[in-house]
Amino acid sequence: APCTECSCSSGKETEKDASNTKKKENGDRLFIPKIFFGTRTHKQISQITRELKRTAFSSVPMTILSSRDYTCIHPVVSNSGSNRNEMCVELLEGKHGKSCLYYHGVHKLCEHHALQSAHGVYRAWDIEDLVSLGKKLRACAYFAARELMVGADIVFCPYNYLLDPQIRESMEINLKGQVVILDEAHNIEDCARESVSYSVTESQLRAAREELDSMVNNNIRQKDHEALRAVCCSLI
């Protein structure tokens, strides 16, 4: 017999189904929100995905957004110092007549996971799993993780990917209408401060002041540059 404790008894559920069907008939896609799960460190992401594997939701499409420091497999770039981002961009732009072969293989890594999903054997994975598979397929794990975000239901990432507007824009993250979970949220204040803070050396300030002096002396947007020069001088 029909239940009397919920909305289905009053026909509301039927109306909702009819509305959904109408949307589909008109060609409108139903909006299904993603879950963005933010953590303080990459190590915590590993712990969470390990727990996810043990749940009934281990087959849910997912991805992990991470920096090139953790996911780049290019032998030259990955073994370089702190300029991995710049070297990666230079390879993608072909500045020195060279391109990244691993980037051109991104589709192989994405399609690999798509095939797993189609056969119903999709399973939760960690950054190390993706990097290992990327090395095997000679495909970039960094850009593959970003591509996988399109079809993912759960997106794991560090806090700053959600808090820093510049990172959100570069990673094409749109949080409107999405579900956001922040693990250990008491750390958010420190992360927010870091996102809008930066460090400069005294030599950098002096170099900037010299350039601003040149701008002012040559009457190039003098009013604007005088104000910036005053800031540099006061900091020095």
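**Burial, aromatic pairs and charged contacts in a predicted model**

Of the 236 residues in the chain, 33% are buried, where buried means under 20% relative accessible area, exposed over 50% and partly exposed in between (1.4 Å probe, protein chains only). The model is predicted, with local features needing pLDDT of at least 70 and side-chain atom pairs counting only at pLDDT 80 or more, while totals for chains, interfaces and linings use all residues. Residues are numbered from 1 along each chain as its sequence is written, and side-chain values use heavy atoms, with hydrogens and water left out.

The chain has 13 helices and 4 strands; these are DSSP runs numbered from the N terminus, with helices (H or I) of at least four residues and strands (E) of at least two. Among contacts between residues at least 6 apart in sequence, 73% join residues at least 24 apart, contact being heavy atoms within 4.5 Å.

The structure holds 3 aromatic pairs. Rings of Phe, Tyr and Trp (its six-membered ring) pair if their centres lie within 6.5 Å, and planes under 30 degrees apart count as stacked, over 60 as edge-to-face and the rest as tilted. The ring centres of Phe37 and Phe156 are 5.6 Å apart and the planes stand at 45°, so this pair is tilted. Because Phe37 belongs to strand β1 (residues 35–39) and Phe156 to strand β3 (residues 154–158), the pair ties together parts that are 119 residues apart in sequence.

Tyr142 and Phe143 form an aromatic pair that is edge-to-face, with 4.9 Å from centre to centre and 85° between the planes. Tyr142 is buried at 8% relative accessibility, and Phe143 is buried with a relative accessible area of 13%. Together with Tyr103, Tyr142 and Phe143 make up one aromatic cluster. Tyr142 and Phe143 are also among the buried residues of helix α8. This helix (residues 141–148) is mostly covered, as 7 of its 8 residues are buried.

Lys34 deserves a look of its own. This residue is found in the loop between α1 (12–25) and β1. Lys34 is buried yet has no salt bridge, and the nearest side chain of opposite charge, that of Asp153, is 5.8 Å away. For such charges, Lys and Arg count as positive and Asp and Glu as negative, while His and the chain ends are not counted. A salt bridge is a side-chain nitrogen of Lys or Arg within 4 Å of a carboxyl oxygen of Asp or Glu. The Lys34 side chain does reach the backbone oxygen of Ala152, at 2.8 Å. With neighbours within four places in sequence left aside, the contacts of Lys34 include Met149, Val150, Gly151, Ala152 and Asp153, and Val155, Gln178 and Val179 are also in contact with Lys34.

Elsewhere, charged side chains do meet, and the structure holds 7 salt bridges. In one of them, Arg54 is joined to Glu51, with the closest N and O atoms 3.3 Å apart. Arg54 counts as exposed at 66% relative accessibility, whereas Glu51 is partly exposed at 39%. Lys53 meets Asp129 in a salt bridge of 3.5 Å, N to O. That pair links distant parts of the chain, 76 residues apart: Lys53 lies in the loop between α2 (42–52) and β2 (62–64), and Asp129 in helix α7 (residues 127–137). Lys53 is partly exposed, with a relative accessible area of 37%, and Asp129 is partly exposed at 31%.

A salt bridge also joins Glu202 and Arg206, whose closest N and O atoms are 2.6 Å apart. Both residues lie in helix α12 (residues 202–217), 4 residues apart, about one turn of the helix. An α-helix has 3.6 residues a turn, so residues three or four places apart point the same way. Glu202 is partly exposed at 45% relative accessible area, and Arg206 is partly exposed at 34%.

Cysteines complete the picture. The count comes to 0 disulfides, a disulfide being a pair of cysteine sulfur atoms within 2.5 Å. Cys110 is in no disulfide, and the nearest cysteine sulfur, that of Cys140, is 9.6 Å away. Cys110 counts as buried at 16% relative accessibility, and Cys191 counts as buried at 11%.

Terms used: Polar contact = N/O pair within 3.5 Å; in protein donor to acceptor, adjacent residues only side chain to side chain.
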